[in-house]
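Good morning, and thank you for joining. I would ask you to look first at the model on the screen, and then to follow me through its main features.

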Amino acid sequence: MPELPEVETIRRDLETKIIGHEISAVIILDDKIVQNRPRDFVKKLLNNKFIVAERRGKLLALGLATGEYLLIHLKMTGQLIYQSHDKIIAGGHSWPRAEDNFSERFTRVKIELSGGREIRFNDMRRFGYLKVVSAAEKEKIFQNNFGIEPLTPDFTWDNFSGLFAKRAIGIKSFLLNQKIISGLGNIYADEVCFHAGVAPTRRVDKLSERERKKLFRCIPSVLALAIKNRGTTFNSFVDADGKKGGFSGFLKVYGREGEKCPGCPGVIRKIRAAGRGTHYCPDCQS
DNA sequence: GTGTTTGTTATCAA
DNA sequence: CTTGATAACAAACA
């Protein structure tokens, strides 16, 4: 599941590869994925070029020379894979094969760039989307749909501590709510709770100042370490080169139901919280 | 055939 | 208004 670290990994990959190259072809294989009218989508991209790669939460925004933005959301199983013709000729890998995390079979949109470069949007479950919007619309979406952005100067204790006020919700739904905090999904929400030593079932308005501070510190530290390791591949995530992330082995609780807790003799439990599978150690998270 | 996986949004109920 | 619960979307897998 691509969350902030996975999307950031892709953003950084693409930034070095696609900026400044003219878009020479746009092929939509599945209309459902594109939220513009297909003809408009192609028209807005063709002969244009990407000049910047931005991210807000789990949403990618690739800036175009015309001032518009291509928004890309990977949702559950989306992949953005880059390939250059040169690399293939030089003996590099070709497109990742189906057995490496199903890809080609689920290619929904192809964007070809000058010089034999190409990015492909794959999505097995077709939850993800691509959409070209104006700079104003993109700004509006960034503003209205996303809460505080971890790993930015905005993420201060002053700003973060204010988010707890008058909220009678569980930590899990607090962390998953993109309008409160941007970028955490099911994996990192559980991991943050573990590192902070608080049970995901606790209500945020009942947390002590000390516990809130721990959460505040663990959110950026867990995310930063995950980015450093190029994200978590649990099911389908791959980076822009089609390679898996390296953070999976660092996961302390997610996907480890029944295993021994990494921090104490206890056993990792799995429950349902905020409608999601939720992993934690009842002994060291309280 | 059943249940499970989750990002996001919609809908309903307390 | 707030919150939680549930379904919906979609496709694959055990």
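I begin with DNA strand C, which is surrounded by 13 residues, the closest being Met124, Arg125, Arg126, Phe127 and Ala168; a residue is near a molecule or strand if one of its heavy atoms lies within 4 Å of it. Of the atoms of DNA strand C that come within 4 Å of the protein, 63% belong to sugar and phosphate. This is a predicted model, in which local features need pLDDT of at least 70 and side-chain atom pairs count only at pLDDT 80 or more, while totals for chains, interfaces and linings use all residues. Residues are numbered from 1 along each chain as its sequence is written, chains are lettered from A and ligands numbered from 1 in the order in which they are written, and side-chain values use heavy atoms, with hydrogens and water left out.

Which atoms lie 2.6 Å from a phosphate oxygen of DNA strand C and 2.8 Å from one? The former is a polar side-chain atom of Arg126, and the latter is a polar backbone atom of Ala168. By class, the surface near DNA strand C has 5 nonpolar, 2 polar and 6 charged residues. Here Ala, Val, Leu, Ile, Met, Phe, Trp, Tyr, Cys and Pro count as nonpolar, Asp, Glu, Lys and Arg as charged, and the others, Gly among them, as polar.

I turn to DNA strand B. It is surrounded by 16 residues, with His73, Met76, Lys270, Arg272 and Arg276 the closest. Sugar and phosphate make up 52% of the atoms of DNA strand B that come within 4 Å of the protein. An N or O atom in the side chain of His73 is 2.3 Å from a phosphate oxygen of DNA strand B, and a polar side-chain atom of Lys58 lies 3.0 Å from a phosphate oxygen. Arg125 has a side-chain N or O atom 3.2 Å from a base oxygen of DNA strand B. Strand S9 (269-273) and strand S10 (276-280) each supply at least two residues of this surface; strands here are DSSP runs (E, at least two residues) and helices likewise (H or I, at least four), numbered from the N terminus.

Strand S10 also holds His279. Is His279 buried or exposed? It counts as buried because its relative accessibility is 5%, where buried means under 20% relative accessible area, exposed over 50% and partly exposed in between (1.4 Å probe, protein chains only). Its side chain makes a polar contact with the side chain of Asp190 at 2.8 Å. A polar contact is a pair of N or O atoms within 3.5 Å; within protein, one must be able to donate a hydrogen and the other to accept it, and residues adjacent in sequence count only if both atoms are side-chain atoms. The side chain of His279 also reaches the backbone nitrogen of Gly255 at 3.4 Å.

Finally, the domains. Chain A is divided into domain 1 (4-145) and domain 2 (157-280), with bounds from an automatic or database domain assignment. Their centres, taken over C-alpha atoms, are 28 Å apart. The contact (heavy atoms within 4.5 Å) takes 26 residues from domain 1 and 23 residues from domain 2.
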